[in-house]
Amino acid sequence: MPLAQPMARGPLLEMAETPVSPSAKPKACSKRDIGCMQTDRQQSQLAGEYMVPWRWTSGKGAATAVAELSNALRQNGAREVRTSAVGVEGVIRVTARFSSGAFGLVTDDEEFILSPATSTVAFRAASSQGLFDSSADATQRNRQRLVRIRFNLERRFGWKCACPPDTDPLTAVKCSVLCS
């Protein structure tokens with residue numbers, strides 16, 4: 001699958017042109033980001049809300065995972081989906097843009113980092129400030145969309161939550177069952 005150039009608009013997608021850290025993680029949420037959701041637990045304590053990373057079915061290559069993710073993003077209303085190679089151990093970045101709110105004036109940007117070495121997907125979602133959009137609305141909208149995308153990937157392609165190994169047994173069960 002040919003890799004397209006990253007998008008260069010919006011708060012999240014602007015950073016897609018900058019080099020990625022060697023750890024190949026999505027940009028961390030900041031206090032300025034509206035409705036930000038992220039898979040970095042440590043950073044979510046500073047800003048944004050935490051969601052568990054995802055894992056695609058073992059045995060599938062990264063190109064297949066990218067195609068499945070891109071399909072799920074489009075099915076959930078993505079206006080644009082772009083893919084680019086990160087250059088770190090075959091890591092691939094997928095960015096998506098969604099319009100929401102009155103007259104589509106609110107833009108939600110999502111970034112997914114797919115790591116072939118671990119078959120995992122780290123992600124981040126943030127919103128632009130809309131005219132009548134609150135941070136709580138943006139958070140709820142981004143969370144619901146990410147949950148729909150994950151359910152789509154789980155149901156159609158067998159993706160799972162990548163529950164962190166360093167959790168207590170109760171949290172591990174909650175993660176496995178609820179992906180939270």
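These legends go with a set of close-up views of a predicted model.

**View 1. The one cavity that turns up in the search.** Across the whole structure, the search finds 1 cavity of 30 Å³ or more. The space inside the largest cavity comes to about 30 Å³. Its lining draws on Pro-26, Lys-27 and Ala-28, then Gln-38, Thr-39 and Asp-40, and finally Phe-123 and Arg-124.

**View 2. Ser-70 and its contacts.** Here we're looking at helix H2, residues 62–75, which carries Ser-70. Ser-70 has 7% relative accessibility, so it counts as buried, the cut-off being under 20%. Leaving aside residues up to four places away in sequence, Ser-70 touches Val-81, Thr-83 and Val-94.

**View 3. Glu-68 paired with Lys-60.** Salt bridges come next, and the whole structure has 11 of them. In this one, Glu-68 and Lys-60 bring their closest N and O atoms to 2.7 Å apart. The two partners fall into separate accessibility classes: Glu-68 is buried because its relative accessible area is 8%, under the 20% limit, while Lys-60, at 23%, counts as partly exposed.

**View 4. A strand-to-strand salt bridge, Arg-97 with Asp-109.** The side chains of Arg-97 and Asp-109 meet with an N to O distance of 2.7 Å. Arg-97 belongs to strand S5 (residues 92–100) and Asp-109 to strand S6 (residues 106–115), so to speak a link between distant parts of the chain, with 12 residues separating the two. Both ends are out of the way: Arg-97 counts as buried at 4% relative accessibility, and Asp-109 counts as buried at 0%.

View 5. Arg-145 and Glu-110 form a salt bridge through their side chains, at 3.3 Å from N to O. Arg-145 sits in helix H3 (residues 135–157) and Glu-110 in strand S6, so this pair ties together parts 35 residues apart in sequence. Arg-145 and Glu-110 are both buried.

Conventions: Residues numbered from 1 in each chain as written. Predicted model: local features only at pLDDT ≥ 70, side-chain atom pairs only at ≥ 80, totals over all residues. Heavy atoms only, no water. 1 Å grid on protein atoms, 1.4 Å probe; cavity = no way out; pocket = protein on both sides within 12 Å on 5 of 7 lines; lining within 4 Å. Points joined across faces, edges and corners; volume = space filled by probe spheres on them. Helix = DSSP H or I, 4+ residues; strand = E, 2+ residues; numbered from the N terminus. Buried < 20%, exposed > 50% of the residue type's maximum accessible area, 1.4 Å probe, protein only. Contact = heavy atoms within 4.5 Å. Salt bridge = Lys/Arg side-chain N within 4 Å of Asp/Glu carboxyl O.
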